[in-house]
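The following paragraphs are intended for a reader who meets this structure for the first time. Please keep the sequence and the model in view while reading.

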Amino acid sequence: MIVRQFIGWIRTAPAGERAEATRSLARAWLISDLSEDDRAAAEGALLMLLDDPSPLVRQAMAEVFARSSEAPAAIVQALSLDQPSVALPVLEHSPLLIDADLVDIIATGNGEMQCAIARRINLPASVCAAIAEVGSAAAALELIENPYAELAPFSWDRIVERHGHLAAIRESMLVLEDLPAATRVALVAKLSDTLAQFVVARNWLSADRAGRIASEARDRSTVNIAARSRGDDMRGLVQHLRATGQLTAGLILRALLSGNVDLFDSALSELSGLPQARVSALLHDRGGASLQALLVRAGLPPSTFAAFRVALEVCQETGFVDTVGGAARLRRRMVERVLTHCETDPLAAEPLLILLRRFATESAREEARLFCDELVADEAIAPVHHELIAA
């Protein structure tokens, strides 16, 4: 009886009053102890109100039903397909929307609707993949910052591919501690390419020089990232490097000259097709023949074999580093010894010598920076030490 009167009244009431009345009716449907007849009549009235010309009415309904698992499913479905001002709370919160509904809305909705879905709690991998594939940059950013989103590795890669040139996307991803190493390297590559294009467009550097500087920066970052990677993360990184053409002899030599044996072993295992345990055993064979056979199988240039052999000998003499910082920096003694040998080797190609000279300069500068940092640290500690003694 009350619902019948409501339907008669609402036909002529102002939009604001209709919205408040609709809000009250929706709440009554959820929490009041209505008879079956009144409940059916209330649902019918609410369904009718989906056609109300004022979005205020539908917004009121959406706000009440958005978080409820007891809301009428047909009404929630209709509200999710309404204009954004109505649909957003339902898209962000309703537990009644299934994954297929969300994926369809991501494909057909606008950026606001995609962002609302990206903020949902317990967002499954399939929905995350849809946002990564077709979502706007703003939706991708919401997804990255959603701690409840379940992103598969390929979704991370797709976001980098589509939006990695945007600083906000890169910054949000790089601060994530559990970001896959392969994705982190892909982000660095995007940044390097963006910076190279910028300086070339401004005529600050030639395209060749900008490309070389970007490539060297990318390799340094890759070794740095690899120093923090282990197990499956390292294997995924190496596979990514190979797929993108970055697993070059120069990068592998840089890894060895930095004492990063994990990256060196993983790279040779990936290129040769041999298990990593077998690669490690061959590398520790002091005869040298096993190393050359391994490098040949890995497809590395013969002109680099001597450099790899000498670098490995120095590593075995001095020991491999076991710190993240140590495995990310070129070791000056190793670089200089390899360079000295290759400068007297008639088989050493000029590009290799140029690369080694750059490594030598880089390692010398890095060692000087570390030395200066230590001096500054000692100067800061010394007064405190004297004060303690005086006290």
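What percentage of the 391 residues in the protein do buried residues make up? The model is a predicted one, and in it buried residues account for 44% of the 391 residues. The protein contains 22 helices and zero strands. Of the contacts between residues at least 6 apart in sequence, 60% join residues at least 24 apart.

A search of the whole structure finds three aromatic pairs. F198 is partly exposed, at 39% relative accessibility, and W204 is exposed, with a relative accessible area of 53%.

The next part of the tour concerns helix α10 and its surroundings. In helix α10 (residues 137-144), the residues A139, A140, L143 and I144 are buried. Viewed down the axis of α10, the buried residues fall within an arc of 140 degrees, so they line one face of the helix. Which helices do the buried residues of α10 pack against? They pack against α8 (111-118), α9 (125-134), α11 (153-163) and α12 (167-174).

Helix α9 contributes I131 to this region of the discussion. With 0% relative accessibility, I131 counts as buried. Beyond the residues up to four places away in sequence, I131 touches I106, Q114, I117, A118, L123, A139, A140, L143 and R162. Among these contacts, A139, A140 and L143 are also listed with the buried residues of α10. I131 and I106 are 25 residues apart in sequence, and their C-alpha atoms are 6.6 Å apart in space.

Helix α12 can be described in a similar manner. Its buried residues include I169, R170, S172 and M173. They cover an arc of only 170 degrees around the axis, which puts them on the same side of α12. The buried residues of α12 pack against α10, α11 and α13.

Two packed helices are described by the angle between their axes and the distance between the axes. Helix α13 (residues 181-201) and helix α14 (residues 207-226) pack at an angle of about 160 degrees, with their axes 9 Å apart. How are α13 and α14 oriented to each other, roughly parallel or roughly antiparallel? An angle over 145 degrees counts as roughly antiparallel, and α13 and α14 are therefore roughly antiparallel to each other. The crossing in which α13 passes α14 is right-handed. On the α13 side, the residues that meet α14 include A181, R184, V185, V188, A189, S192 and D193, together with A196, V199 and V200.

Two loop residues deserve attention for their backbone angles. Most residues other than glycine have a negative phi, and most peptide bonds are trans. N203, which lies in the loop between α13 and α14, has a positive phi of about 65 degrees although it is not a glycine. N203 counts as exposed, at 69% relative accessibility. N122 is located in the loop between α8 and α9, and its phi is near 55 degrees, a positive value in a residue other than glycine. N122 is likewise exposed, at 60% relative accessibility.

The tour ends in helix α22 (residues 350-390), where E362 has its place. Is E362 buried or exposed? Buried means under 20% relative accessible area, and at 19% relative accessibility E362 counts as buried. Leaving aside its neighbours within four places in sequence, E362 is in contact with R220, R254 and L330. E362 and V335 are 27 residues apart in sequence and 9.8 Å apart in space, from C-alpha to C-alpha.

Conventions
Residues numbered from 1 in each chain as written. Predicted model: local features only at pLDDT ≥ 70, side-chain atom pairs only at ≥ 80, totals over all residues. Heavy atoms only, no water. Phe/Tyr/Trp six-rings, centres within 6.5 Å; stacked < 30°, edge-to-face > 60°. Buried < 20%, exposed > 50% of the residue type's maximum accessible area, 1.4 Å probe, protein only. Helix = DSSP H or I, 4+ residues; strand = E, 2+ residues; numbered from the N terminus. Arc of directions from axis to C-beta. Contact = heavy atoms within 4.5 Å. Axes fitted to C-alpha atoms, helices over the stretch in contact; angles between N-to-C directions. Parallel < 35°, antiparallel > 145°, perpendicular 65-115°, else oblique. Left-handed = near helix turned anticlockwise from the far one by under 90°.
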